[in-house]
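Biologist: I would like to learn how to read the features of a fold. Please go through them with me one at a time.

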Amino acid sequence: MLDLRLLHQALTLARHRNFARAAQALHITQPALSRSIAGLESVLGERLFDRTRQGVEPTSFGQMLLARAQPLVDGAAELERDFKLLRGLHIGELRVGAGAYPAELSVNQAVGRLMGRHPDLCVELISNDLRSLIKAVLERKLDLAVIERSMVDDEPSLAVEALPEHAAYYFCRLGHPLVNGLPPSVDQVFSFPFVGTRMPQRVAAGFLQLAKVGRIDVDTGDYMPPIKVDSIAAAKDVVMKCDAIGAAPLALIAAELRAGQLCTLPLRLDWMHTHYGFAYLRGRQLSPAALAFMAEVRGVEAELASLSERVRQSTEVPG
């Protein structure tokens, strides 16, 4: 019988095209990998890889093996995962991804609360480029992701659950030239540098037309601000040190508003709001850890709506 461990090693060798790199990825020695491949070739009675100066190339027999091996290895991994699911939260694992806004708004807090209730869980939280997160969910490398929903509208393999939307407010430092004067116009606001994360296609063209600064990424269609950062925390740090303008939901700037470090500008655009939600592989059973995490996120989101309204009223932010 074929050994799934050997098939996994053959797949890894084919991916890296190099014995040393493949052995490193597998956390075994190069001689051990060479013996494994030789043993697999002996069992099958055919040469599976050609060794060349440029690297390792699968033979025609090797290509056939690799094509058949991948679903076998994937199926075994899914079977192992399903057994773990039945054991529940005590020894569970959770791999989740999140975009910048949901990570800072609710996901990070939700993971903290989840671990407080289930300290034996193993959690991997990844905040990355949204397209990378979507790809990771599709490839079963993540259990789910919290991402911009418009980016997966046409992806039939994913199930999507919307989370509450949060209006974006423009903010600046307390001593900014636009503060304490007449309500600024759009042109006045964007005469100052704008700092923020990349914005999805949903708002990219409209925002560029409005702001007349920044650019559209030709590869993705995203809006790239003149000062691009990867987190709202970074945007706040920049704004507090210069005359740049940022935009964020009230919940993300509540502490700085109360401390008198930041203030909002009386400029609101109805289409400037978050639009994220859960995305996970359709038809794939969600683990108890994933379901518990989603419940924690929903709880945090409900609290954020209440917090935003209290901040809006206490700081006289326009609705």
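Modeller: Helices (H or I, at least four residues) and strands (E, at least two) are DSSP runs, numbered from the N terminus. The protein has eleven helices and 14 strands. This is a predicted model, in which local features need pLDDT of at least 70 and side-chain atom pairs count only at pLDDT 80 or more, while totals for chains, interfaces and linings use all residues. Residues are numbered from 1 along each chain as its sequence is written, and side-chain values use heavy atoms, with hydrogens and water left out.

Biologist: How do I read a pair of packed helices, and at what angle do α2 and α3 cross?

Modeller: Two packed helices are described by the angle between their axes and the distance between the axes. Axes are lines fitted to C-alpha atoms, for helices over the stretch in contact, and angles run from 0 to 180 degrees between N-to-C directions. Helix α2 (residues 19-26) and helix α3 (residues 30-44) cross at roughly 100°, with their axes coming within 9 Å. That makes α2 roughly perpendicular to α3 (65 to 115 degrees; under 35 is roughly parallel, over 145 roughly antiparallel, the rest oblique). Contact means heavy atoms within 4.5 Å; the residues making it include Phe 19 and Leu 26 of α2, and Leu 33 and Ile 37 of α3.

Biologist: What is the strand order in the open sheet of five strands?

Modeller: Two strands pair if DSSP finds at least two bridges between them. The order is β4-β3-β5-β14-β6, with mixed pairing. β4 (122-126) and β6 (158-162) are the edge strands, each pairing on one side only. Five bridges join β6 to β14 (residues 276-281), and these two run antiparallel. Ala 162 stands opposite Gly 277 in β14. Helix α5 (residues 100-117) packs on the sheet, its direction making about 170° with that of β4.

Biologist: In which sense do β3 and β4 pair?

Modeller: They pair in the parallel sense, over five bridges. Val 96 stands opposite Leu 125 in β4.
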